[in-house]
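Dear colleague,

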Amino acid sequence: LFPYTTLFRSVEDNGTEPGYNSSYWNSAKGMFSKLVGLKKSQIDAVDAVSFATVSSTAIKEAVKSVLPDEAAQNDTAVFASGTGTAEDPYIIQTVDQLQAFAKAVDEGESYEDKTVALGADLDLSSIANWNPIGAESGNTANLFNGTFDGQEHTISGMKINGIYTDANYADANVGLFSTLGGNAVVRNLTVSDFNITASANVRIRSGAVAGDTAAGSPVVDSVNVSGGIASTANKVMGMAGGILGRMSRGAGLYNSVADVSVSSAAQGDEGFWGYAGGLAGMTGNNCVIANSTAHGTVSGTAYQGGAVGMIAGTINNVYTDVILSGSAAKSGAIAGQTMANGDCVYFTGT
């Protein structure tokens, strides 16, 4: 039943059950049929044979020792190669593999402490509506929390055309990633010719790389994006940024360039709260944006800024020549507004 004859014979020859004799082993052999077809993670749940517990346990351990790790099996199905280490990252070579990676994260694989890398440029223009990597609702159990290294490759032609209702979403976070986990890193990546057109009657956050970041210390470093975002929140607030819709507490954005058209409109019960920025729609406390540039146009219905719509963190060495075109009550070449209860903000850019 199993290709593990040598292991089983070793177990039989070295039984350690008190008063061990062949009768214990013969009784435990009934375990074999119970273990056929099970995954590694399911083995421990199989009941041992009465009065042959040690032999039964030894058989289960022997089977587990030779069964392939389930994560490794899944990784083989998702990636072209690699083991997920920094030295040997999981490699994505095709659009199908990128979609499989997105599905794996949606289903709860965070890739914590793993590195995923692009091995080629990818064109998503044939996909009518990209499924962001991770749960759009921002469920922290279904977010990417590893390192994604573009290795200087480009993802082009991404389209997101979503309508998000409160029947299905508490929030809607959209981009290449939905929300980056608190330990996630995205680096060395270009996202070009993207087009995000999204509306919601929940809070909506949109950005080329990610709609949102979870609290912690997520980092986006050395990315270049070009394209357009038109985000509409029909009842509550919307946040749109060329790279990140919102940066939650502790996030960092470094060494990056956005050449974008960003529009964030919001209306309804909570007022006209549309936050728009060339780099990010809004940042929280302890966030940092440094050594980055924004070009293009930005339009917000509440707060609009060449770099950030509203900021509660630090901006350092940022340049922007963004044209502000919205009806926002608060506008600024760098930021539309700084939060009174936020961190100190230092502007050393133009």
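**The pocket and its surroundings**

The residues that line the largest pocket divide into 6 nonpolar, 5 polar and 2 charged. Please keep in mind throughout that this is a predicted model. The pocket itself has a volume of about 190 Å³, and of the 13 residues in its lining, Met-282, Thr-283, Gly-284, Asn-285 and Met-339 lie nearest the centre. Two elements, strand 13 (244-247) and strand 17 (280-283), are the ones that give two or more residues to this lining.

These two strands are also paired with each other, in the parallel sense and over 3 bridges, and within that pairing Arg-246 has Met-282 of strand 17 as its bridge partner. Strand 17 pairs in turn with strand 20 (residues 308-311), again in the parallel sense, over 2 bridges, and here Met-282 stands opposite Met-310 of strand 20.

An open sheet of 6 strands runs in the order 6-9-12-16-19-23, with parallel pairing. Strand 6 (171-174) and strand 23 (330-332) stand at its edges, and each has a single partner strand, so one side of each is left without a neighbour in the sheet. On average, and with direction ignored, neighbouring strands of this sheet are turned by 5° against each other.

On one side, strand 9 (residues 203-207) pairs with strand 12 in the parallel sense over 4 bridges, with Gly-207 opposite Gly-241. Strand 12 is also joined by 4 bridges to strand 16 (residues 274-277), and these two run parallel as well; in this pairing Ala-240 has Ala-276 as its bridge partner, while Gly-241 stands opposite Gly-277.

**A loop glycine and a helix**

Is Gly-306 buried or exposed? This residue, found in the loop between strand 19 (303-305) and strand 20, has a relative accessibility of 0% and so counts as buried, the cut-off being under 20%. The C-alpha atom of Gly-306 is separated by 6.9 Å from that of Ala-294, although the two residues are 12 apart along the chain.

Helix 6 (residues 95-106) has 12 residues and reaches 16 Å from its first C-alpha to its last, which is close to the 16 Å expected at 1.5 Å a residue. Its buried residues are Val-95, Gln-97, Leu-98, Phe-101, Ala-102, Ala-104 and Val-105. The helix is followed by Gly-108, whose phi is positive, near 115°.

With kind regards

Note on methods:
Residues numbered from 1 in each chain as written. Predicted model: local features only at pLDDT ≥ 70, side-chain atom pairs only at ≥ 80, totals over all residues. Heavy atoms only, no water. 1 Å grid on protein atoms, 1.4 Å probe; cavity = no way out; pocket = protein on both sides within 12 Å on 5 of 7 lines; lining within 4 Å. Points joined across faces, edges and corners; volume = space filled by probe spheres on them. Nonpolar A, V, L, I, M, F, W, Y, C, P; charged D, E, K, R; others polar. Pairing = 2+ DSSP bridges. Axes fitted to C-alpha atoms, helices over the stretch in contact; angles between N-to-C directions. Expected span 1.5 Å × (residues − 1). Buried < 20%, exposed > 50% of the residue type's maximum accessible area, 1.4 Å probe, protein only.
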